[in-house]
Amino acid sequence: MSNTPINGFNLERLLARFSEKFGGPESTVQQFFAPGRVNLVGDHTDYTGGYAFPCAIDSGSMLLIRRSQNDQFRFASTNFDMFAQLSKEQINKTYGDNWINYPLGVVDQFVKRGFAIDGIDCLYSGNVPNGAGLSSSASIEVVTAFAINQVFDCGLPLLELVKMAQAAENDFVGMQCGIMDQFAVAMAKRDHALLLNCETLDYRQVPLSLTNHSIVLANTNQRRELNESAYNERVAECARALALLQDHLPIKALGELDVKDLEKHQSLFTDDPIALLRAQHVSSENARVHAAVPALEQGRLDTFGDLMNASHDSLRDCFHVSSEPLDHLVKAARAQSGVLGSRLTGAGFGGCTVNLVEKDHCEDFIANVGKTYQKQTGLTADFYTIAPSCGVQQVHT
Ligand code: GLA
């Protein structure tokens with residue numbers, strides 16, 4: 001058995017499910033795991049070439065895969081009662097908003113690069129809550145890319161697989177996401193968060209072993225609506241902001257924009273106040289990442305928490321990606337003792353908040369925030385205390 005934890009998956013049972021769905025032989029089935037991620041600070045910066053600071057979480061997607069060599073592509077999941085069987089001619093398009101679009105998008109990337117993918121049987125099992133902003137989709141994409149690379153002996157480097165996973169989402173699924181999720185899910189290291197320059201893809205693993213504090217996620221369990229179109233709209237607004245600034249500033253990406261330079265050039269935005277707000281968020285969020293990482297490294301966790309709070313406020317007021325339930329969770333969290341910081345994480349529009357909480361206060365935090373939240377919204381929040389985990393890997397039995 002692998003020396004890395006399999007995060008709650010029972011491989012024997014999964015293998016039995018695989019046989020039930022696809023038949024034998026089991027001997028050629030291989031197993032792979034990719035985690036979900038939580039972003040600690042630096043949201044809606046990746047697609048502007050800015051900075052993000054995510055870590056992997058200890059739940060994710062397990063994939064059992066076998067090459068079938070019969071030009072059939074078969075997908076099943078233990079999370080949904082469905083089974084899809086597609087021929088080679090049927091795999092180059094999406095199927096409504098079905099989750100198989102993610103693996104199909106990845107297969108498409110291999111095909112586009114000239115690899116002969118001649119059929120696969122895939123059983124997925126996930127324990128990242130869906131739609132919670134914890135990158136369940138990136139974990140499916142990355143585990144699929146990693147597994148196909150291995151099973152078909154394609155020899156592609158991990159960074160290329162990350163880019164293919166992102167391209168699957170951009171070009172096939174149609175979500176214009178940045179690279180943060182796929183990068184974190186692939187490259188994360190246990191007990192570390194990853195400081196990522198989304199323009200150059202340079203990154204640094206930053207130790208994140210908290211002694212007296214925990215990272216607690218709180219799931220709004222709010223149904224996310226308009227997520228994809230509102231997200232793509234933000235991407236377009238940031239592009240508009242960049243275009244306005246580029247005539248006056250030597251910047252190639254909005255992520256390079258300095259807070260002071262933006263102040264000096266505010267008048268450019270008279271006709272586009274929304275683009276100004278978006279640029280204000282991006283420039284200040286990048287500055288927060290640059291301040292937060294040394295604060296963490298020097299053990300100044302209060303400062304780190306303050307920056308998390310400021311990040312949420314900016315995502316709410318300038319980027320307009322928060323929601324009432326998210327704001328309620330954040331407000332209830334900040335009212336608790338032992339809470340250093342609380343913010344929405346990921347794309348927003350629902351999903352989770354990430355909270356930095358003193359260990360001694362975690363129990364009260366979960367009980368009290370849960371109660372207040374329910375009273376105010378009628379919704380029940382779920383809470384997860386996470387351990388920063390490692391990235392995609394093959395799992396050996
Ligand atoms: C989603 C996207 C990421 C990133 C975050 C916001 O998770 O997939 O690329 O833009 O939102 O930071």
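View 1. On a 1 Å grid over the protein atoms alone, a cavity is a set of points where a 1.4 Å probe fits but cannot get out. Grid points are joined across faces, edges and corners, and a volume is the space filled by probe spheres set on the points. This is a predicted model, where local features need pLDDT of at least 70 and side-chain atom pairs count only at pLDDT 80 or more, while totals for chains, interfaces and linings use all residues. Residues are numbered from 1 along each chain as its sequence is written, and side-chain values use heavy atoms, with hydrogens and water left out. Searching the whole structure turns up two cavities of 30 Å³ or more.

**View 2. The largest cavity and its lining.** The largest cavity has a volume of about 70 Å³. Its lining residues (those with an atom within 4 Å of a point) include Leu 40, Phe 304, Met 308 and Asn 355. Helix H9 (301-317) and strand S11 (352-358) are the elements that give two or more residues to this lining. Helices (H or I, at least four residues) and strands (E, at least two) are DSSP runs, numbered from the N terminus. By class, the lining has 10 nonpolar residues, one polar and no charged. Here Ala, Val, Leu, Ile, Met, Phe, Trp, Tyr, Cys and Pro count as nonpolar, Asp, Glu, Lys and Arg as charged, and the others, Gly among them, as polar.

**View 3. H9 beside H10.** The axes of H9 and helix H10 (residues 324-334) come within 12 Å and cross at roughly 155°. Axes are lines fitted to C-alpha atoms, for helices over the stretch in contact, and angles run from 0 to 180 degrees between N-to-C directions. H9 and H10 are therefore roughly antiparallel; angles under 35 degrees count as roughly parallel, over 145 as roughly antiparallel, 65 to 115 as roughly perpendicular and the rest as oblique. Their crossing is left-handed, a label used if the near helix is turned anticlockwise from the far one by less than a right angle, with right-handed used if clockwise. On the H9 side, Asn 309, His 312, Asp 313 and Arg 316 meet Asp 327, Val 330 and Arg 334 of H10, where contact means heavy atoms within 4.5 Å. Sorted by class, that contact has one nonpolar, two polar and four charged residues.

**View 4. H10 against H11.** H10 also comes up to helix H11 (residues 362-377): their axes come within 9 Å and cross at roughly 140°. That makes H10 oblique to H11, and the crossing is right-handed. Among the H10 residues in this contact are Pro 325 and Leu 329, while H11 brings residues including Phe 365 and Tyr 373. The contact divides into seven nonpolar residues, four polar and no charged.

**View 5. H3 packed with H4.** Helix H3 (residues 136-151) and helix H4 (residues 158-173) pack at an angle of about 130°, with their axes 9 Å apart. The pair is therefore oblique, and H3 passes H4 in a right-handed crossing. Val 142 and Phe 146 are among the H3 residues here, and Leu 161 is one of those from H4. This contact has six nonpolar, two polar and two charged residues.

View 6. Most residues other than glycine have a negative phi, and most peptide bonds are trans. Yet the peptide bond from Gly 24 to Pro 25 is cis, with omega near 0°. Pro 25 sits in the loop between helix H1 (11-22) and strand S1 (30-39). His 44 isn't a glycine, but has a positive phi of about 55°; look for His 44 in the loop between S1 and strand S2 (51-52).

How values were computed: On a 1 Å grid over the protein atoms alone, a cavity is a set of points where a 1.4 Å probe fits but cannot get out, and a pocket is an open set with protein on both sides within 12 Å along at least five of seven lines; lining residues have an atom within 4 Å of a point.
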